[in-house]
Amino acid sequence: RASTRVRDGLEVHAAPIEAWPALVAEIAPDIVVSALGTTLRTAGSEEAFAAIDHDAVISLARAAHMAGARQFMSISSVGAREASRNFYLAVKGKVEREIQAVGFQRVDFFRPGLLRGKRSGPFRLGERAAAVISPVTDLLTPKALDHYRSIAANDVAGAVLANLGNMQNGVFVHHNRDMWQAVAGYAPRSD
């Protein structure tokens with residue numbers, strides 16, 4: 001069952017995946033941002049993971065395009081590559097390829113390293129440990145490899161906002177450095 005509420009001045013729509021095409025058609029957005037994703041551990045199997053990180057994202061992209069959206073923005077992952085031997089990264093790469101084929105005027109992929117910040121949901125020891133030591137590992141990571149450094153979730157969100165509504169057509173991949181630069185140069189509109 002679909003529901004709509006206002007949160008922080010924005011309309012928030014929630015619905016089961018199968019209702020998304022109708023909901024997106026009703027909203028008729030110009031821009032869609034997808035931050036859909038889970039972990040293999042949380043999903044419980046590769047099939048369940050792919051149902052969220054691939055099927056749901058592609059369903060949303062297709063529904064958005066059919067509803068007339070010109071720009072699609074998606075949070076992906078550093079290392080996303082369809083030919084990767086790592087299942088997680090291969091799924092992310094496949095999703096990127098399929099989104100590009102949908103036909104949007106502009107597509108933005110944000111490929112953050114390890115995300116830092118408050119998390120809801122179950123405690124994940126590995127991620128927590130990596131986040132704790134990330135300031136040290138970030139310092140040891142050469143600048144040429146800074147796309148593997150950790151990044152604050154707020155910086156990723158800021159980069160999304162900075163690119164929201166960008167009228168330049170094409171496919172754009174944003175790594176950590178791009179996101180930090182976008183956030184540094186971003187000034188919210190006052191309209």
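Leu-36, Asp-53, Val-57, Ser-74, Ile-75, Ser-76, Lys-92, Val-95, Glu-96, Ile-99 and Phe-109 line the largest cavity. This is a predicted model, in which local features need pLDDT of at least 70 and side-chain atom pairs count only at pLDDT 80 or more, while totals for chains, interfaces and linings use all residues. Residues are numbered from 1 along each chain as its sequence is written, and side-chain values use heavy atoms, with hydrogens and water left out.

Let's stay with the cavity for a moment. On a 1 Å grid over the protein atoms alone, a cavity is a set of points where a 1.4 Å probe fits but cannot get out, and lining residues have an atom within 4 Å of a point. Grid points are joined across faces, edges and corners, and a volume is the space filled by probe spheres set on the points. The structure holds one cavity of 30 Å³ or more, and the volume of the largest cavity is about 60 Å³. Helix H3, strand S4 (71-75) and helix H4 (87-102) each supply at least two lining residues, with H4 giving the most, four residues. Helices (H or I, at least four residues) and strands (E, at least two) are DSSP runs, numbered from the N terminus.

Next comes helix H1 (residues 20-27), where Trp-20, Leu-23 and Val-24 are buried. They sit on the same side of H1 because they cover an arc of only 95 degrees around the axis, taken from the directions from the helix axis to the C-beta atoms. Ala-22 and Glu-26, on the other side, are exposed. Buried means under 20% relative accessible area, exposed over 50%, and partly exposed in between (1.4 Å probe, protein chains only). Strand S2 (10-14) and helix H3 (46-66) are included in what covers the buried residues of H1. Just after H1, Ala-28 has a positive phi of about 50 degrees.

Two further residues can be set side by side.

| Residue | Relative accessible area | State |
|---|---|---|
| Ala-43 | 22% | partly exposed |
| Ser-34 | 1% | buried |

Ser-34 lies in strand S3 (residues 31-34). Leaving aside neighbours within four places in sequence, Ser-34 is in contact (heavy atoms within 4.5 Å) with Val-57, Leu-60, Phe-72, Met-73, Ser-74 and Ile-75. Ala-43 belongs to helix H2 (residues 40-43).

Terms used
On a 1 Å grid over the protein atoms alone, a cavity is a set of points where a 1.4 Å probe fits but cannot get out, and a pocket is an open set with protein on both sides within 12 Å along at least five of seven lines; lining residues have an atom within 4 Å of a point.
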